[in-house]
Amino acid sequence: MARIHFVGGEKGGVGKSVLSRILAQYHIDQGKPFGAFDGDLSHGDLIRYYGEYTETVDIRTFESADRIAEEAAESGRDVIVDLPAQASFNLDRWMADTGLVEFSNDIGVVLTLWHIMDDGTDSIRLLEKTLSTYGSGPDYVLVRNHGRGNDFSLFDESEEKVKAVAVGARIMDLPNLHAGSMRKIDRIGASLWAAANNKDKAIGPTLGLLERQRVKVWLKKAYAELDRVLQLPESSSSSD
């Protein structure tokens with residue numbers, strides 16, 4: 001069953017593009033066909049690192065956004081959408097006017113909203129807004145990004161977490177990658193596979209031996225979390 005993965009969280013800098021890149025690499029490593037859309041029209045990371053699979057999308061216009069659903073419906077493969085910051089107004093309007101939740105149910109496509117969080121109160125407030133907008137309609141995965149915080153007790157003790165779990169949300173932890181290694185990956189413009197595996201300087205700039213090892217360990221942990229939240233039955237829930 002195909003999924004449309006909307007990777008959001010509304011705030012800038014919470015790690016939406018990092019999670020999108022991990023999802024893309026996860027699909028590649030699993031041998032699972034996918035398409036991708038990058039909503040950042042000025043300096044999108046997904047199209048930069050995974051351009052072979054990605055096209056840009058202007059979430060502000062229905063004609064452009066329609067390509068997301070059409071790709072999933074026509075190809076039968078997963079679609080990853082890296083949403084820009086402050087996309088909810090346009091996304092909500094398009095989904096409501098299009099009846100996307102109902103349409104996805106009709107064609108057998110799982111609509112998954114990924115809510116990427118740092119450890120601040122804004123992420124909780126924005127989750128409340130998302131839940132009030134969509135209720136139990138879509139599938140939810142809530143991501144505690146440990147690269148953007150180390151104390152998620154506010155979320156863990158919140159009413160919003162209880163409400164999310166009640167409508168079937170799963171919760172995952174995105175491990176932290178050493179900041180210097182991530183900066184170097186971005187500086188050399190490497191895909192996550194190349195960052196972890198390329199040691200041939202003739203091909204392009206490389207990470208050091210232990211830097212590559214850190215990326216491999218980080219990806220292994222992230223993949224284990226993705227396995228857990230994506231392989232559960234669609235109707236199940238986890239309070240973590």
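This is a predicted model: local features need pLDDT of at least 70, side-chain atom pairs count only at pLDDT 80 or more; totals for chains, interfaces and linings use all residues.
Which strands does α11 lie across, and at about what angle does it run to β7? Residues are numbered from 1 along each chain as its sequence is written, and side-chain values use heavy atoms, with hydrogens and water left out.

Helix α11 lies across β1, β5, β6 (139-145) and β7, and it runs at about 175 degrees to β7. A word on the names: helices (H or I, at least four residues) and strands (E, at least two) are DSSP runs, numbered from the N terminus. As for the angles, axes are lines fitted to C-alpha atoms, for helices over the stretch in contact, and angles run from 0 to 180 degrees between N-to-C directions.

Now the sheet itself. Seven strands form an open sheet, in the order β3-β2-β4-β1-β5-β6-β7, and the pairing is parallel. At the edges you find β3 and β7 (170-174), each with a single partner strand, so one side of each is left without a neighbour in the sheet. On average, neighbouring strands of this sheet are turned by 20 degrees against each other, direction ignored. When I say two strands pair, I mean that DSSP finds at least two bridges between them. In general, strands of a sheet pair through backbone hydrogen bonds, either parallel or antiparallel.

Let's walk through β1. Six of the six residues of β1 are buried, so the strand is largely enclosed by the rest of the structure. Buried here means under 20% relative accessible area, exposed means over 50%, and partly exposed is in between (1.4 Å probe, protein chains only). Both faces of β1 are covered, with R3, H5 and V7 on one side and I4, F6 and G8 on the other. In a regular strand, the side chains alternate between the two faces of the sheet. On to the partners: six bridges join β1 to strand β5 (residues 110-117), and the two run parallel. In β5, R3 has V110 as its bridge partner, and I4 has L111. β1 also pairs with β4 in the parallel sense, over four bridges, and there I4 stands opposite V79.

What about strand β2 (residues 34-38): how many of its residues are buried? Five of the five, so β2 is largely enclosed by the rest of the structure too. F34, A36 and D38 point one way from β2, and G35 and F37 point the other way. β2 pairs with β4 in the parallel sense over five bridges, with F34 opposite D78. There's also parallel pairing of β2 with strand β3 (residues 54-56), over three bridges, where A36 stands opposite T54.

Next, helices against helices. Helix α1 (residues 16-30) and helix α11 (residues 209-230) pack at an angle of about 80 degrees, with their axes 11 Å apart. α1 and α11 are therefore roughly perpendicular to each other; the cut-offs are under 35 degrees for roughly parallel, over 145 for roughly antiparallel, 65 to 115 for roughly perpendicular, and oblique for the rest. From α1, V18, I22, L23, Q25, Y26, D29 and Q30 meet W218, L219, A222, Y223, L226, D227 and L230 of α11. Contact means heavy atoms within 4.5 Å. These residues divide into ten nonpolar, two polar and two charged.

I124, L127, E128 and L131 of α6 make the contact with E160, K163 and A164 of α8. That contact divides into four nonpolar, no polar and three charged residues.

Last stop, the loops. P138 lies in the loop between α6 and β6. At 6% relative accessibility, P138 counts as buried, and it touches V101, L111 and L113, not counting residues up to four places away in sequence. Q86, in the loop between β4 (78-82) and α4 (88-98), counts as exposed at 66% relative accessibility. Phi of Q86 is near 55 degrees, a positive value in a residue other than glycine.

Technical notes. Ala, Val, Leu, Ile, Met, Phe, Trp, Tyr, Cys and Pro count as nonpolar, Asp, Glu, Lys and Arg as charged, and the others, Gly among them, as polar.
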